[in-house]
Amino acid sequence: MNTHDKPAGSKVTVRPVMSYRDMSKFIDVPWHIYANDPLWVPPLRLERRFHFSRFNPFFKHGEWQAWVAYQNGQPVGRISAQIDTLHRERYGADTGHFGLLECIDDSEVFAALILNAEAWLASRQTRHVSGPFNLSINQECGILVDGFDTPPVIMMPHSPRWYGRLLEEQGYLPAKDLLAYKVRVDFEIPRVMQVMINRFSSKIKLRTLQRNNFDEEMETLRDIFNDAWSDNWGFIPFTREEFAELGTSLRLLLPDEFIQIAEVDGKAAAFMVSLPNLNEVLIELNGNLFPFGWLKMIKKIRNQEIRTGRIPLMGVRKQFHNTPLGLALACLVIDAPRQAGIARGIEEVEMSWILEDNVAMRSILDSIGSEQYKRYRIYGKTL
């Protein structure tokens, strides 16, 4: 619905989410917004309910409030506002975020949502607002601003075309762009990449996940990630509980060879995690695992019917950044999961997300023939 099509006398009300019933309405808003968008992938309602519950380890260091907007009694939008103490420790005690943004194409509804979020944040001494984060930079973030013609892959957002315009109407400015690349799994390794791998092959040992030592392996990956990304824009460290929760999901879904760890002189120095793109299944389930959704998902995974994947996590320890050995480590962990993917029927993977100013990573991706095909944007505003 466009602002100009609004019935005369339409009334916008914004209500805070305070109860189990309110949360059900909050979770259901995207079904109204994307009713006519065939590319939108409905999330699992059960997973969303858990994500917004006290069991989400984000809430050990964050607080939040959510709202739903109604127009003539119908839900037409939603938003959250959150304060993350880990973010404030790194970036200042006056920072806060908005997220989980969904809204019809209506400036009045959008303004009402944003004003509620900003008022809540301002009452908690927030001056610098950024988002959307769902609920932090280590989860889904940004709005889609380019690449609307393809569906999102697993754990990446999807947005209508009007969100950027509506945010800018409310005084928000682009803060950072995040890119998604896609590449065919059977890409040819460039000669320079092969030379780097060969040069350091005696120093680097590549291995897969050791499942019988799962908790320790997750801690190793977390340690590498937090070290590798610590100087990146917006970085917030994964807590032990957050990474353990991520590990629980991965444990169920991933064969061991989809997690590759590179060791230098016996010490873990780099890693990469690949995911089958479960959105290929979720798009058919309409948010429901029951009664038969979970059977469909297990069948598709077991029968190796999923054709696309995503590489959501990768890291090379900071001590190797900007060194030939570091380049060899990056090349090796990018190349290693290919054979495992090919063996399981994966044809194409998305590498996401990559900071627009991460020149080193982008040049590696260009060298293997990958294509930048989606762009997401984080916005910011000073209150």
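Me: Is histidine 61 buried or exposed?
Reply: Quick ground rules: this is a predicted model, where local features need pLDDT of at least 70, side-chain atom pairs count only at pLDDT 80 or more, and totals for chains, interfaces and linings use all residues. Residues are numbered from 1 along each chain as its sequence is written, and side-chain values use heavy atoms, with hydrogens and water left out. Buried means under 20% relative accessible area and exposed over 50%, with partly exposed in between (1.4 Å probe, protein chains only). Histidine 61 has a relative accessible area of 8%, so this residue is buried.

Me: Which residues does histidine 61 touch, leaving out those up to four places away in sequence?
Reply: Contact means heavy atoms within 4.5 Å. Counted that way, histidine 61 touches Ile83, Asp84, Thr85, Leu86, Thr239 and Glu242.

Me: And serine 230, buried or exposed?
Reply: Its contacts, not counting residues up to four places away in sequence, are Arg90, Phe235 and Lys318. The relative accessibility of serine 230 is 15%, so serine 230 counts as buried.

Me: How far is the backbone oxygen of aspartate 227 from a polar atom of the side chain of serine 230?
Reply: Look at the side chain of serine 230 and find one of its polar atoms. From there to the backbone oxygen of aspartate 227 the distance is 3.0 Å.

Me: What is the mean pLDDT of the protein?
Reply: pLDDT is the predictor's confidence in each residue, from 0 to 100. Here 97% of the residues reach 70 or more, and the mean is 91.

How values were computed
Polar contact = N/O pair within 3.5 Å; in protein donor to acceptor, adjacent residues only side chain to side chain.
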